[in-house]
Protein chains: 2
Amino acid sequence: MKKAAIITIGSELLEGLILNKNAQFLCQELKNLGYRVVKVSTVGDDLISISEEVKTLLLKVDLLILTGGLGPTQDDLTRDAVAKVLNRSLKLNEELLSKIKEKIKKYHSEIPQNIERQALVIDGAEVLDNPVGSAPGQLLTVDGKIVILLPGPPRELIPMFNALKDRLRTPDALYQVVLKYYSIPEAVLEDLLKDILYSQNIVEVATMADHVEGVRLRLTTHMKNKEYLDEMVKKILDKTGEHLYGVNDEKMEEVVVRLLKDRKKTLAVAESCTGGMLSSLVVNVPGASEVFIGGVVAYSNDLKKHILGVREDTLKKHGAVSEECVQEMTEGLKKLTGADICVSISGIAGPSGGTPEKPVGTVFIDIFEHEHITMRYNFTGDRNMIRTRSAMMALENLRKYLKGRERV
Amino acid sequence: MKKAAIITIGSELLEGLILNKNAQFLCQELKNLGYRVVKVSTVGDDLISISEEVKTLLLKVDLLILTGGLGPTQDDLTRDAVAKVLNRSLKLNEELLSKIKEKIKKYHSEIPQNIERQALVIDGAEVLDNPVGSAPGQLLTVDGKIVILLPGPPRELIPMFNALKDRLRTPDALYQVVLKYYSIPEAVLEDLLKDILYSQNIVEVATMADHVEGVRLRLTTHMKNKEYLDEMVKKILDKTGEHLYGVNDEKMEEVVVRLLKDRKKTLAVAESCTGGMLSSLVVNVPGASEVFIGGVVAYSNDLKKHILGVREDTLKKHGAVSEECVQEMTEGLKKLTGADICVSISGIAGPSGGTPEKPVGTVFIDIFEHEHITMRYNFTGDRNMIRTRSAMMALENLRKYLKGRERV
């Protein structure tokens, strides 16, 4: 298996001003392309530190990626350091310089004097086009090893790297499928699938879980075993398909908006503890306006009564966090908005407000089209986590309800 | 100035499974304690890689921090690698072992067999208590240099590091103040303050800007210049105080909720393009229920009319994204909720829906208590950025309105 290393350059990283997201991105991508990443280093913008690290790592790896330090200022020394270590010259590429100047003219009235530095190319290097910013990348081959210089800003680095992926792919390239679940706990999922997941050693299995995206099952294998993995996914879906909300990058809210469009159903929501978070998730999907009408953030009991028509008696007898209340919320919402499907949430997000019968984390969710589908949950975590879990679980219940209609 | 380096250990980092937040946290903290961080490395869980990096960095720095690889499994090799490089023995600390066993018993019925590895202490090392997890840290002094081993999970690492801060502080320790603004552009702020900021070389000035937190002015100096910096902050606030929303870690929504409590005013909001985001921000502040009544997510025009009483005529003549519409939204909301202060937002978040007169990013915000304060904005960015800017700017306008009352 080929080895790779990454050097991320910049004092803003060493001073903790920015989070090193490039490192994570490149590590993930390189793994999938079939490399074993053996080291990631962060060094400052100084010639000696960069040179030393390049020299050491070039002895160990087949692919070395450097990020950052490609700007026009005297601080940007990546080009200089690599040229020095490889004992190659840096030459001004006039054609590149005029391209860079043209690009800058579009956005700025003045061209910085030092912009020439961005047109300095290491002898023998291929220039990598930067469709977003002014700093071009560079790619060199050194004794069969590849060295790549990429700009630091992620929005410039990511497209430039993606354009190189086909060239960098090795025979060990991986094939990966991520299956996403929200309403099934990690341990239950693993137990349900243990015969499929752990009776083989061709596919690497990893599970991750958090309150935003739920439980993710990441399956990785060599590209040559793609069919085997696809078969495995089919078997997994036979057992857990109804719980699966998305594959790879799909987001829950996107899936729900798509299902609403497919079913030609409109949606309105009434939120108490989530306070608008569920609406906001739905609205962030472009085109949500085709299916989403809006809703009520009925945070106070007064609003639950006055806008949604929840009965005083219900609040007194059962409280705002109750099956009865969430059902009256959706009924009131339906009258108010005329939406096909209404969803309501009421719960105790904490830190205070819990009781022995209804501790912090108690949340009721109701889905109402023709009948009520009401669920009670006991979520854990801090205020923000409980609110996020509530909103996500409401979407998950809605997703399941919409999927159920397929079978009717 | 003392130098420091960080080695973060773990294949989960090299495979891109997790983002290296520990590195950023430690870099920030070490800078403030007076260290120059010269390198951050990430290596896998193998003896040779860790040892090589420790050996190289110990020659260069005064403080070396290693994170991760302190678990009980055979993969957790940080202790072994450091002991090997320093030529010291690893000894089982029986007292520590029984403490660890006691801690595990609280949460698990079975004690893993290999737990003994977590009680292996490098000869001469001080054991650092882990109040959260089972893995203790270790601290050694080697020829006047300090080597610290910390566990990988941030929730264990952070408190353990914080407990060491007083001991690690150097005479070069820094004093830092971050001033946060939302309604003043970075360039305008810098121009307004250039005489104060750039006529001195005692305080390091950095500005950062994003759509979530706005413009942050970070002022850093040596601890001995604390009074100078505090004086400088006073001068800055004389010129820009009305725009300042928070200092250091204060969040906009916390400030607004606090001001509402101070003024004993209740709040309701009516949102179109932000679709609940503003409500959700407010609700995430613990205790928001004392001042926040709720609101309406009037995403469709029908809802604007039926719930908020926006006139058909207004929508026809001026459109939903107009001064007239946001004003009728707050008026309707006030009737509906009885809140002291009502806030409304209507805009075009894109990607579609823009016109030459009202391009994507056009947003109207109204604050209504006794009179309307209506503002029009042209925000840039993608759908999520425009929505976030709208919600944050509504909070900023509300903050300014509430502050204004002080002077009345």
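**View 1. Y299(A) is buried, at 13% relative accessibility.** Here, buried means under 20% relative accessible area, exposed over 50% and partly exposed in between, using a 1.4 Å probe and protein chains only. This is a predicted model, where local features need pLDDT of at least 70, side-chain atom pairs count only at pLDDT 80 or more, and totals for chains, interfaces and linings use all residues. Residues are numbered from 1 along each chain as its sequence is written, chains are lettered from A in the order in which they are written, and side-chain values use heavy atoms, leaving out hydrogens and water.

**View 2. F25(A) and F161(A) meet edge-to-face.** Six aromatic pairs turn up over all chains. Rings of Phe, Tyr and Trp (its six-membered ring) pair if their centres lie within 6.5 Å; planes under 30 degrees apart are stacked, over 60 edge-to-face, and the rest tilted. With centres 5.8 Å apart and planes at 80°, F25(A) and F161(A) are therefore edge-to-face. F25(A) sits in helix 2 and F161(A) in helix 6 of chain A, 136 residues apart. Helices (H or I, at least four residues) and strands (E, at least two) are DSSP runs numbered from the N terminus.

**View 3. Y299(A) and F292(B) form a tilted pair.** Their centres are 5.6 Å apart, with 50° between the planes. Y299(A) lies in a loop of chain A and F292(B) in strand 14 of chain B, so this pair joins two chains. F292(B) is buried, with a relative accessible area of 2%.

**View 4. The charged end of K334(A) sits over the ring of F368(A).** That means NZ of Lys or CZ of Arg is within 6 Å of the ring centre and within 35 degrees of the ring normal. Here the distance to the centre is 5.3 Å; for K334(B) over F368(B), look for 5.2 Å.
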